[in-house]
Amino acid sequence: MDRADKARQYRKMMARKQDRLLQPPKGQKNPRMALEGGRVYGILWLGLLAASALVLVFLLIQTKRIDRAFTYMTKAEFASLMSFLDADALPGKWQENADDIMTKGEIRDFVQSIGLSSMIEVSGGNDKLKREEAVDYYEQIRDYLDLEESVEKQTILLLQKAKDSCITSEGKMRLNIDEIELQPFHTYEVYTKKKKILGVCAELDKEIVLKNVTIKEVKNKQVTVDYEENEYKIPCEKTAQLQADAKCSLYVSGGEVTKVTDIEPTKESAKDTKASQDAQKAAKSVNVLLLDAGNIYRKQIYVTCEGGYTVKKGKSSKTYAAKDLFGGKALKLKEGGCAMITPQKADAKLFLADAKGSHISNGYFGKMMIYRDTGGYYIVNEVAIEKYLYSVVASEMPSYFAKEALKAQAVCARSYVYRQMEANDYSDYHAHIDDSTNYQVYNKSDVQNADIEAVEDTAGLVMYAGDEIVDAYYYSTSCGYGSGMEIWNQENAIPYLKAKAIASGNQTFDLSKESDFQAFITKKKKSYFDSSSPYFRWKATVELSGAIQEIKDCLTQRHALNPQNILFYSTTRQKEKKVSSLKGFGGIQKMTCTKRSKSGAVLELTIQFEFGKVKVKSEYNIRSVIGCAMEKITYTDGNSNTVSRFLPSAYFTSSYQEKSGRYLLTGGGNGHGMGMSQYAADEMAKNGWNYEKILKFFYDGITMKKIS
């Protein structure tokens, strides 16, 4: 018997029971017939519900609330919890005032509108509805109306939160509304539906254990760990018993590590190493998630092919002729469904198209897999690695660059993709990587013969450091000096990536002092390999006061992704206090470089507000935040750009211009500055260096081997 039948049977049983209780003496009328609308029936139900409510309140009292942010519930969150109802069942005004807190009067009117006023007692006017009360009413509504039990209650530990998604102790989940202020390493009881968090029941004072954690670094009452292929930095007072390269179990609650058990050293066996190498050798293709302007999901998809092709959905398949259009309504994919598109000829290319069949992408080798889940459609291109590299080299380096530079790029790109395939970041989407600058730019430029030759001349070659494939980072242009991992606050983390001058002779010097870096960056020296790049030196004007909201939005977004690198401090009443938002900070007063690396990169930027300050760490964050306020940038060749919203690099010095109220930035380089500089590689090749010599300059102590 399903839940709906049980509910109907239970109600019939209660009605018969009430009939017996109210049966009059023989000869008298049944008083139940005289009660308008079954009021006694409703009273008995209210008595039962009141008892249930007492039990629920008792359980909620056991939950220690450690964050006042969850005192109330907004209309947006309550509407999200009602996902089992039709959208038109919710009041239209709730969408207009989604951020408003629910009141008792509003929940009363809602209960009445869905026909449960005789079952659920609600009283009150404009008083704010506390979360505990909202949860109480929600549980009752859910019990009556969610007959398929589609909503579940789960206990999760939040590990990382982005705007609309998060990683938890129970796996990756999406947030139905991104305004829910969940904090990393706190425990919550949440309502979920198909891996989607609809709302929060309560924050719990409960430890969650993370097993088989690998310790990477212990520093400043913080432990950096690897857990299920992701890296996390967790506050930890118990650092004395921890050491790098150990495995253990961590108990986490309230934003920090509370207990450590099962500590054991990590010893990578030769067997494990061989298994990893065998897995790499076996990999002949890569699955690439094709993003749509940075988004995973697409509302609609159309595909054509330059030759005949086959579309397979489940057990059925259909053949299409060259240039025939597939997609739109013909997709007919249900949630969880997949369509596999395969050209009949191995080298025929597939194209993304619009509804009229016009191409909107370059051609793709291999297969296309179209998936559908709750978020919509998404596309994965399964392609042979060497053919994938044709398009990466074409997209990442100009084809007119010297041949040996293109070959160096091909080896870097091949090493990088094999390394990223091990990480398998996009496993939830049946992919290894995506096609953007998050990994390597793929298929954004037409492939030229020079690109194909560079890949084929280095077929299968990757860089190794010992038994591991190198993290082959690369970038466009240096300022004359390259960095190691210190630009990402991980000094000496990768020994083959070292800070040094990008010039002959492997020179090293310290540029961490402001005066030394200023002297370096203001001189145009011809001796550096990158000096012919338009990005070698640049000047930018930045006006903070006109971009306050943009900067705040950017800071909030970057803080949600990695709160360890965006730190908020309230300075009201002349007392500095770490806080979780920019609320009440007011306008921006100034920005200052407060820490610089030996290679000259800004490691920490401090932005002073009227009633607070923000410390911005890591080069990408710094470039993003300043880019919001950038008005104009002028390059080495004299060309200017007034639309760019991203600073080329973190290698800059700044001075405030009193007259204009703007900052003048003098900088150099384009990119993070770590690994191979592409413009430098081109100049090296023009000076007679082969690709192997180029790569060994940028990656110390590496060897090159064929992976297959």
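Q: At what angle do the axes of α8 and α10 cross?
A: In this predicted model, the axes of α8 (residues 385–396) and α10 (residues 449–457) cross at roughly 130 degrees and come within 9 Å. Helices are DSSP runs of H or I with at least four residues, numbered from the N terminus; axes are lines fitted to C-alpha atoms over the stretch in contact, and angles run from 0 to 180 degrees between N-to-C directions.

Q: How far apart are the axes of α8 and α9?
A: The axes of α8 and α9 are 9 Å apart, at an angle of about 120 degrees. α8 and α9 are therefore oblique to each other. Their contact has eleven nonpolar, one polar and three charged residues.

Q: And where do α9 and α14 meet?
A: The contact involves E404, A405 and Q409 of α9 with Q678, A681, D682 and A685 of α14. The axes of α9 (residues 403–423) and α14 (residues 678–686) come within 7 Å and cross at roughly 135 degrees.

Q: Changing topic, how many cavities of 30 Å³ or more are there?
A: There are three cavities of 30 Å³ or more. A cavity is a set of points on a 1 Å grid over the protein atoms alone where a 1.4 Å probe fits but cannot get out; points are joined across faces, edges and corners, and volume is the space filled by probe spheres set on them.

Q: What lines the largest one?
A: The largest cavity holds about 60 Å³. Its lining residues, those with an atom within 4 Å of a point, are G482, S483, L497, K498, K500, I502, G673, M674, G675 and F698. Four are nonpolar, four polar and two charged.

Q: Which conventions apply?
A: Local features need pLDDT of at least 70, and side-chain atom pairs count only at pLDDT 80 or more, while totals for chains, interfaces and linings use all residues. Residues are numbered from 1 along each chain as its sequence is written, and side-chain values use heavy atoms, leaving out hydrogens and water.

Key: 1 Å grid on protein atoms, 1.4 Å probe; cavity = no way out; pocket = protein on both sides within 12 Å on 5 of 7 lines; lining within 4 Å. Nonpolar A, V, L, I, M, F, W, Y, C, P; charged D, E, K, R; others polar. Helix = DSSP H or I, 4+ residues; strand = E, 2+ residues; numbered from the N terminus. Contact = heavy atoms within 4.5 Å. Parallel < 35°, antiparallel > 145°, perpendicular 65-115°, else oblique.
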